[in-house]
Amino acid sequence: MKPGSGAVPTSAGRLSSVTQAGGCRRLGLARLLCRALRCDWLLFAEPAEVLALSGFDLVGTFYLTSVLVPASGVPVLFTFRAERDLAAAQSWIAQVVCWSHGEDPLVRLLDVIRARTRREAGRSQQPIRLGVAKNGWLTVCQVEALEACLWLELVEAGSRLAAVASVPADEQRTALHGAAAASLAALDAGSARASAGVDEAGIAAAMAVAYWHAGAGELTRPMSVASGPRTPQAHALPGDRVLEPGDRLNLCCWGSYHRSPAVFGTTAVVGPPGVASGGHGDPCGSVLAAMLSAGMAAAAPGASAGGIAEAMLGVPDAGTVTDRRQPLGYCLGLSYPRRPHRFRLETGRRDIVGAGDVIVLAPAAPGRDGSIARVCLTCELTAGGVRPLPGAGWPW
Amino acid sequence: VVTMVQPGGTFTPAEFDRRGRAVAGAVERAGLDVLLVSLHEHLTYLTGLVIPDLTRRFFLLLTPGGGRSLLAEHGLLPPVPPPGPSADPGRPPPLWRQRLDAAEDVPGDELAETVAGYLRSSLRLPARRPRIGYEGGWYALSYSDLQTLRRGIDAGWIESTRLLVGLRTRMSAEEIGVLRRAASAADAAVQAVIDAAEVGAAELELAAAGHAALAWLGSEPSSFPALCGTGPRSGLYHPVPTWRRLAAGEAVEVEMTASFGRYNSNLVRTLFAGGPSRDQRRAFDVVRNAFDNALARMRPGVSAGAVDDASRAARAGYARHIPSRTGYSVGLSYPPFFLPGLSLLSGETRALEPGMVFSLEPSVSGHKGETVILGCNVLITESSPEILNACTRELISC
């Protein structure tokens, strides 16, 4: 490990989702896993895993950027030449190996694995066992090329790699609260702009401006704004529809701060021109409130994702939700745009939530006019219970 | 506020017809009986549907005869009002749906099995062993889905990742029109950063100024995040903004990307706080020469590698500080990057063609700890190359 890492600010400056202490703890767990699987190396290729293990917040998520963890010896951060200096500045992993344009990154990666194994383990005959997630961030072509490598034996370790890399750490809380502040600022700005005669795109622009001025990081999903007949679509992108009095309006912001995400969504009925929307007397409110309460009550450490979803759907009148296939929420981790969450809270899902996890409860309820009201509330799970992130009120 | 591009409504029906014909021709020339498309960019390209949830998988089945059938995981497709007594019989289906022969909503854990069944029963595959193409080089296709498909269909499975990307590298007049709009928004964003850049300003504050300009112009979140690095952080080449504050005499690397209908255009510059030092001026002059040398070579028939060679020759004195290729093709893309198309990279033998658009962005990076970079989007035309950005290419002091 490098001494004094972290001197160069990372993507969100003073607030960081990961620290060297947390990362080294995860690297230690990865080593144990590597030995337990009787592997020589583990390959962590998901962007969130790379960040959690190395501190490197890769920008372009290029191709095969990854962390190689050996059963013993020092790990390797493998990245693209253009991001070498960024990786070296951010990461506590001392050995950074790069590939350049024109090189095949997979060939370079295999060279590193073979050379290190031969040098340190003195092995040249038996196959080298490499633990990977075949259904993760690696492409099919990359997995098949690894499978075709005669001196390599691939070991499927997908969910166990993710479990090691997603071990929560207290230091993430600070960044998480920064993300919450930015997302809530966006919702406030959107709600303030929303009135009859304003179009959805204008509301989304107001949300984005407030969000960025809060100093937040990359959005993990686009701002969602949907009004009237567009509300049945979850994650709806803003369009040019102009709000009319009495319209249902749903707003949602998937913000992040140094890749720690916080998701908030609100719903309202649009008032007359010049009057900001408000949720007072919203007939959907009681159903949404009951679903949120049921979700929070069910989301104790050890609960399953499916159990939380089913508790929310067990609320009277929740059964009238038109699209029961939509998830009732998400369990978040470090988030990148194509990987905004770890898993969904949906019926039948067996993933378990634990203390330190962060979940989003996202109930929906139908209005009388055929519209759908949606809200999102991000909560922290602690040993003592579930609580919304600081600053978050009841979401309407 | 300029309103956001509507899903499915950006381009004319004739444009989608052209794309459909080109894709069908490519499938036929590749000798495929069906191509399984799984990349979200390609679904947008062929239907106009802009996808908000990139975690949802799909398979778009394309045949040489122009057939287009979509099987998508729940949650990917926008809800379509169901037919029934209350439905408006005169209302046409949404535009994206009109561009498909069939569209089915499938539970995620049944998607690959359903596609295999559809291939067996609904597509008229030849009696001989069919040839099926798939996109194995992108993240969107999962290993387990492909294994399920292979178990379900006895076929020759052909890796076809580059098939549609190659087609999309050369853009139509309509696509170039959307890119011009994105380039104009990127100009406005960089100008907003220049206006906000003063000693003491934080990188995140500068980036926020650029983001605000993009938001008010109706840009979607871009494929590539905004970059802003001051002083030694500019030397990181891909500096995501932090709270570090600009000091006199420092360089600022800034890159803003605008996106409309998922067509992305980026603009990158280095600014000099209080004017450049002699070293900074010399580095800028070298980079400017590299840009001009490369631009002069950007004509139809010239290889992409020759453009990089010309740019590198002008930076020979800084060879150790060239971190990357001279440029790359831009266009339709979702995060996390510009979808790899054609690189302006030494050794690349493919030739430039009219209608291609590149981000031309030679740099000197890490020299005395800073990055000096000059970038623009460049359209290849039958005659001379056209720069799509209005931003000055002269040295910028702030």
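Tutor: Here is a walk through the interface of chain A and chain B.

This is a predicted model, in which local features need pLDDT of at least 70 and side-chain atom pairs count only at pLDDT 80 or more, while totals for chains, interfaces and linings use all residues. Residues are numbered from 1 along each chain as its sequence is written, chains are lettered from A in the order in which they are written, and side-chain values use heavy atoms, with hydrogens and water left out.

Let's start with the contact (heavy atoms within 4.5 Å): 62 residues come from chain A and 62 residues from chain B. The area buried between the two chains is about 5,400 Å², counted as the accessible area (1.4 Å probe) that two parts lose on being put together, summed over both. Carbon and sulfur atoms give 63% of that area. On the chain A side, A:His101, A:Val140 and A:Arg338 supply 13% of the area buried against chain B, more than any other three residues.

Next come the charges. The rule finds four salt bridges across the interface, each a side-chain nitrogen of Lys or Arg within 4 Å of a carboxyl oxygen of Asp or Glu. In one of them, A:Arg221 pairs with B:Asp53, with the closest N and O atoms 2.9 Å apart.

Finally, consider the helices (DSSP runs of H or I, at least four residues, numbered from the N terminus). In chain A, α3 (84-90), α5 (140-148) and α8 (200-213) each supply at least two residues of the side that touches chain B. Of that side, α8(A) gives the most, with eight residues.
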